[in-house]
Amino acid sequence: LEIEIVSVGSPGFFGLGGRKAMIRAAQSPGPEEDLLALAQKILEQTLAKMQEPATVTATQEEDRINLLIETSDAGLLIGKQGQTLDALQYLVTKMLAKQTRGKVRIAIDVEAYRARHNEALSQLAIKSGDKVRRSGRSVTLNPMNPYDRRIVHMALQGDKDLKTISRGEGLYKKVVISPVKKKEGQEDAAGPE
């Protein structure tokens, strides 16, 4: 069992106003194989309820469970800009977390859509970074979910001439790519030629 102390009790004053201690006990998740099998089963059952024939393959990668769906109608499961796939991933994550009473990271992919999408975002970030470098002006990208924004930030994190920040409210924010302003008297690392 995993035991968490929610509140420590107090005896009160002369026995009046005392509070009982509260704890939360949950069954510890089983071995990783059980978690993989449970995640796969939840996704398969969800797809069956959607009446979408598909096969699901589950693998473990560090602290994340990867679920790969093979189906004849990938477009339906991906949805517009991956929204259906994101929703499916959210649902399966919540259902698994509720059953195991623990935090679980899940990534669901259909026909390598996420890999292609991530590559396209990285290329967009690099091209936009080149544009900022040439013009010296900031570029603002369209609103993105946190996962996509992270890919853009990671694609440009090693570039010392550029900085990226997220702007906006809510879940979907814009990424702004800006040139790093040099301090007065500072020259390029290569120095004058």
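D63 has a relative accessible area of 48%, so D63 counts as partly exposed (buried means under 20%, exposed over 50% and partly exposed in between, with a 1.4 Å probe and protein chains only). The structure is a predicted model, in which local features need pLDDT of at least 70, side-chain atom pairs count only at pLDDT 80 or more, and totals for chains, interfaces and linings use all residues. Residues are numbered from 1 along each chain as its sequence is written, and side-chain values use heavy atoms, with hydrogens and water left out.

**The bridge between R105 and D63**

- The model holds six salt bridges (each a side-chain nitrogen of Lys or Arg within 4 Å of a carboxyl oxygen of Asp or Glu).
- One of them pairs R105 with D63, with 3.0 Å between the closest N and O atoms.
- Because R105 belongs to strand β5 and D63 to the loop between β3 (54–61) and β4, this pair ties together parts that are 42 residues apart in sequence (helices, H or I of at least four residues, and strands, E of at least two, are DSSP runs numbered from the N terminus).
- R105 is partly exposed, as its relative accessible area is 41%.

- R133 forms a salt bridge with D159, whose closest N and O atoms are 1.9 Å apart.
- Since R133 sits in helix α4 and D159 in the loop between α5 and β7 (162–167), the bridge ties together parts that are 26 residues apart in sequence.
- R133 is partly exposed, at 37% relative accessible area.
- A salt bridge also joins R133 to D161, at 3.9 Å from N to O.
- D161 lies in the loop between α5 and β7 and R133 in helix α4, so this pair ties together parts that are 28 residues apart in sequence.
- D161 is partly exposed, because its relative accessible area is 41%.
- Through shared partners, salt bridges link D130, R133, D159 and D161 into one network.

- N66, which belongs to strand β4, counts as buried because its relative accessibility is 17%.
- Apart from neighbours within four places in sequence, N66 is in contact (heavy atoms within 4.5 Å) with T57, A58, T59, E61 and A107.
- R114, which is part of helix α4, has a relative accessible area of 10% and is therefore buried.
- With neighbours within four places in sequence again left aside, the contacts of R114 are L85, D86, Q89, I108 and D109.
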